[in-house]
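This report describes selected features of the structure shown below.

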Amino acid sequence: MPLLEVCLIDGNPISNYIGNILKKPDAIVWLRTVRQKHVSSNIESVLSTQMKVECENREVNQGDIQSFVKVCEDIIRDYPQYDIALNASGGTRIQALIAAEIFLSAGKEVFIIDTEHSRLIDLKTKESKSFHAALTVNEYIGLYGVKVLSGTRFDPEIGKRSGLTYFLGNNIEKVVPFIDELRIEWNEMGEKKQNKQWKLSNKFIKFTITYDSEKDLMRFRYGQPENMKMYEMKENYYHYIFNGGWLRELVFLRVHRAQYDDVRLDVRLDRNALSLDPKAETMIDIAMMRGCKFYVFQCFSYPVTRESFIALNAITHTIKFLNAEGYIFVSHKPNRSFIETAKDSGLRIISGKYIANFSI
């Protein structure tokens with residue numbers, strides 16, 4: 001017999017999406033309120049790239065238990081030609097309990113998706129099965145009605161300069177003040193740049209940046225005095241060294257480690273998405289999908305100023321909207337107010353020398 005999956009809708013769409021991907025039903029009935037229409041529509045949109053399925057919406061009133069009971073009983077009556085499975089992961093707690101009892105009493109399958117541990121739990125048989133949620137960053141964000149305009153999965157050049165990137169991260173307390181000084185000097189040179197060389201040297205490390213105006217490139221020599229290495233950068237050298245590209249790549253390299261993770265660098269969201277808060281940040285430095293969890297990693301490569309608090313507020317809106325776990329990476333020592341503001345928003349701060357050893 002064909003399979004019908006009944007889904008309780010709430011503000012977190014991932015459990016319903018995964019339930020349908022695992023069960024592959026022939027038809028879906030969404031139980032939702034009037035205001036949750038966009039949630040089921042977003043899930044349908046992402047599901048349409050994976051499978052063909054007929055969908056029906058039935059409206060429920062969260063405060064009217066009797067009408068909710070009737071809606072559940074009507075579904076069982078209206079689909080006699082289907083095997084029926086209830087995904088009780090969403091909705092309110094009361095709705096989930098009532099629906100589970102009704103469908104179990106009718107001999108139907110009832111299950112929940114445990115997103116925390118990537119398990120499907122069958123409430124009828126009391127059995128659980130682990131699953132691998134092969135969900136991409138783009139698909140996850142799409143579940144919230146937002147389109148990803150761009151994002152880098154991996155650029156070979158990032159790997160080629162990873163030695164330089166890790167050098168900067170491992171010596172961040174010495175290198176960052178040096179970069180700050182050079183940025184000012186570089187900007188003061190105006191549009192017409194001259195050949196220039198800058199050196200940072202002590203008994204432990206050496207770091208030399210050479211700008212070749214004729215070839216419009218930068219050469220980086222770095223390492224311990226007895227073991228120097230070189231990397232030459234023709235394009236985007238300003239973005240990399242002066243605009244925090246090295247910090248974003250460092251964090252990207254630190255989290256881009258597990259085989260099944262989907263990690264994207266420089267993710268740009270469509271500002272025109274109606275569901276996106278106008279105050280939200282549309283540029284995410286690094287986004288990662290691991291299992292059923294979504295992470296946002298945002299990098300601050302400049303000294304903390306008033307603008308940093310504005311940027312922190314914007315990315316906080318994005319993280320909360322996407323139900324993500326948020327991490328803030330700060331190359332300069334953050335002040336107490338910045339730390340407390342981030343923590344009050346549920347974000348975790350990683351700064352200075354701890355960045356190069358970060359793992360999750």
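## Residues with positive phi

Lysine 126 is found in the loop that joins β6 (119-122) to β7 (127-130). The model is a predicted one, and in it lysine 126 adopts a positive phi of about 65° although it is not a glycine. The relative accessibility of lysine 126 is 66%, so the residue counts as exposed.

A second residue of this kind is asparagine 236, which is not glycine either and has a phi near 60°, a positive value. Asparagine 236 belongs to the loop between β12 and α9 (237-241). With 54% relative accessibility, asparagine 236 counts as exposed because the cut-off for that class is over 50%.

## The four-stranded sheet

Strands β9, β10, β11 and β12 form an open sheet in the order β9-β10-β11-β12, and their pairing is antiparallel. At its edges stand β9 (196-201) and β12 (227-233), each of which pairs on one side only. From one strand to the next, the twist averages 10°.

The pairing of β11 (residues 217-224) with β12 is antiparallel and extends over seven bridges. Within β12, methionine 230 is the residue that stands opposite arginine 221.

## Helices across the sheet

Two helices are described here in relation to these strands. Helix α7, formed by residues 162-170, lies across β10 (206-212), β11 and β12. Its direction makes an angle of about 60° with β11.

Helix α8, formed by residues 172-188, lies across β9, β10 and β11. Relative to β9, helix α8 runs at about 160°.

## Cysteines without disulfides

The structure contains zero disulfides. For cysteine 7, the closest cysteine sulfur is that of cysteine 55; the distance between the two sulfurs is 8.8 Å, which is too far for a bond because a disulfide requires sulfur atoms within 2.5 Å. Cysteine 72 likewise takes part in no disulfide, and its nearest cysteine sulfur, that of cysteine 7, is 12 Å away.

What is the solvent accessibility of cysteine 7? Cysteine 7 has a relative accessible area of 0% and is therefore buried. Cysteine 72 is also buried, with a relative accessible area of 0%.

Serine 301 lies in the loop between β15 (293-300) and α11. At 8% relative accessibility, serine 301 counts as buried, because this class covers values under 20%.

Which residues does serine 301 touch, not counting those up to four places away in sequence? With that exclusion, the contacts of serine 301 are Arg183, Asn243, Gly244, Leu247, Ser331 and His332. One of them, Arg183, falls within the residue range 172-188 of helix α8.

Alanine 311 and lysine 279 are separated by 32 residues in sequence. In space, the C-alpha atoms of alanine 311 and lysine 279 are 9.9 Å apart.

Note on methods:
Residues numbered from 1 in each chain as written. Predicted model: local features only at pLDDT ≥ 70, side-chain atom pairs only at ≥ 80, totals over all residues. Heavy atoms only, no water. Pairing = 2+ DSSP bridges. Axes fitted to C-alpha atoms, helices over the stretch in contact; angles between N-to-C directions. Contact = heavy atoms within 4.5 Å. Buried < 20%, exposed > 50% of the residue type's maximum accessible area, 1.4 Å probe, protein only.
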